[in-house]
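Here are some worked exercises on charged pairs and a surface patch.

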Amino acid sequence: SVNSADGAVRDIFRPSPATRRQVMLTSPATGRMVLAVESAGVWRLAHAGPRHPEPRLAVPLDDLAGDLVPLAFSPAGRHVLLRVQDGLRSGLLIYDLDGQAIRTLPTPDGAVGGPAVWTGTSTGETVRCLFVSASEPFRMLTLDPDRPGRWSKHDDGTTGNASTRWAPARVEMFPGGDGPIEAIVHGDEDWRTCRRVVVALHGGPQRAWTMKFHQLFQYLGAYGITVIAPNPRGSSGYGDRHRDAIRGAWAGPDLADLLALNRHVRAERDPADPLPMLYGQSYGAYLALVAAAAEPSAWARAVAVAPFLSGARLRAEASAEVRAMLDRLGACRDIGDGLGPRDVIRLAGRIRARLLIAHGADDQVVPVGQSRALRVELLRLGRREGADFRYREVPGAGHNPLDGSYRMHAEVASFLAGGE
């Protein structure tokens with residue numbers, strides 16, 4: 001620790017060559033801290049402090065479902081508030097450092113955000129944190145740690161937060177390529193009977209949809225489009241095996257999950273209804289384009305926002321940081337199945353879905369040259385711009401060209417709703 005007043009440095013604990021330690025949360029008032037400690041390949045929660053300078057191990061993290069993040073210490077420093085992300089849902093746990101016990105602090109369905117505060121007065125203690133659900137924007141959530149199940153939500157007084165017209169969302173399970181996968185279903189109508197349905201793919205790839213407010217989904221709901229947002233293999237929040245399934249196999253197991261989901265959706269819908277559509281951003285855009293090529297007759301339209309063309313093509317012009325991520329995840333390895341290498345330029349001739357390609361001109365993550373090259377290839381193949389595909393390069397925009405843009409949100413929604 002470093003004393004900011006006089007610069008004095010004091011060892012709290014010394015590294016051990018046999019373990020890895022990561023400080024996750026500190027309490028300056030009590031001198032305690034929470035760490036993640038790895039030993040013999042097992043990560044555990046641990047804590048240290050003035051009375052126990054050497055970290056004391058607690059339960060293995062693998063014994064707790066989901067990913068844990070410490071948010072706040074109790075005023076006395078004995079308890080720690082933990083956020084747990086388990087698939088689409090998140091919640092709160094209270095970890096008793098002295099008693100080595102963990103209990104659940106119930107919350108409404110949604111996503112708990114950080115940071116959080118845990119305060120105490122003569123009348124009791126209070127936990128406050130940010131909270132968002134798929135059908136309402138951010139709120140402040142207030143909970144009583146000693147009375148589980150008691151909470152209150154407070155909006156910020158803005159017009160948006162006062163609205164009661166947000167489309168609802170729910171969690172459903174769908175068949176994947178190797179077992180069920182979880183998805184958010186968002187919209188006023190059931191995906192089996194609505195006129196139009198879109199399968200939305202998250203970026204990453206090691207990210208996931210959660211039960212939080214998604215502005216684009218609300219736009220799509222206003223256009224009468226029901227959204228299915230799955231977390232296929234490669235998504236985080238479901239354990240290492242699920243997350244690492246696509247390591248060295250981008251657009252492999254996750255593509256199988258996506259195609260299995262789409263077959264199920266089409267089988268449950270009226271054959272006379274329009275085919276499902278695709279939306280994806282970044283890695284999701286890449287996966288959407290590969291899916292549109294893998295089963296050309298299975299999709300009506302596809303929106304690709306900031307797509308790249310393959311791991312190798314992206315690596316050739318990406319930043320050092322992005323190249324390191326691609327190497328770490330084995331993004332440049334080819335898959336030797338019937339579809340062959342997942343190179344969108346190679347596969348572009350197979351795509352029959354009508355496309356909207358959007359890219360920020362100043363994208364520092366996926367350079368806009370990726371989308372420009374796809375546009376050139378589509379024109380070379382004889383595809384008509386404005387009829388077979390639409391290309392939108394957004395001046396001044398970065399990796400998320402839809403962010404803060406009413407016009408771009410409306411254009412994507414109108415395109416998926418069947419507009420020209």
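**Exercise 1. Is Asp96 buried, partly exposed or exposed, and which side chain does Asp96 meet in a salt bridge?**

Step 1. Asp96 counts as buried because its relative accessibility is 12%; buried means under 20% relative accessible area, exposed over 50%, and partly exposed in between (1.4 Å probe, protein chains only).

Step 2. The partner is Arg78, with 2.9 Å from N to O. A salt bridge here is a side-chain nitrogen of Lys or Arg within 4 Å of a carboxyl oxygen of Asp or Glu.

Step 3. This pair links distant parts of the chain, 18 residues apart: Asp96 sits in strand 7 (residues 89–96), and Arg78 in the loop between strand 5 (67–73) and strand 6 (79–86). Helices (H or I, at least four residues) and strands (E, at least two) are DSSP runs, numbered from the N terminus.

Step 4. Arg78 has a relative accessible area of 37%, so Arg78 is partly exposed.

Before you go on: this is a predicted model, where local features need pLDDT of at least 70 and side-chain atom pairs count only at pLDDT 80 or more, while totals for chains, interfaces and linings use all residues. Residues are numbered from 1 along each chain as its sequence is written, and side-chain values use heavy atoms, leaving out hydrogens and water.

**Exercise 2. Where do Glu377 and Arg380 lie?**

Step 1. Both belong to helix 9 (residues 369–380), three residues apart, which is about one turn of the helix.

Step 2. Glu377 is buried because its relative accessible area is 12%, whereas Arg380 is exposed, at 60%.

Step 3. Elsewhere, salt bridges with shared partners join Arg170, Glu172, Asp190 and Arg192 into one network. The structure holds 19 salt bridges.

**Exercise 3. Which residues form a nonpolar patch on the surface?**

Step 1. They are Leu130, Phe138 and Met140, with about 250 Å² of accessible area together. Such areas come from the Shrake-Rupley method with a 1.4 Å probe; for residues, only the protein chains shown count as cover.

Step 2. Patches are made of residues with over 30% relative accessible area and no salt bridge; like charges are joined within 9 Å, nonpolar side chains (Val, Leu, Ile, Met, Phe, Trp, Tyr) within 5 Å.

Step 3. Find Phe138 in strand 11 (residues 136–143). Phe138 counts as partly exposed because its relative accessibility is 49%.
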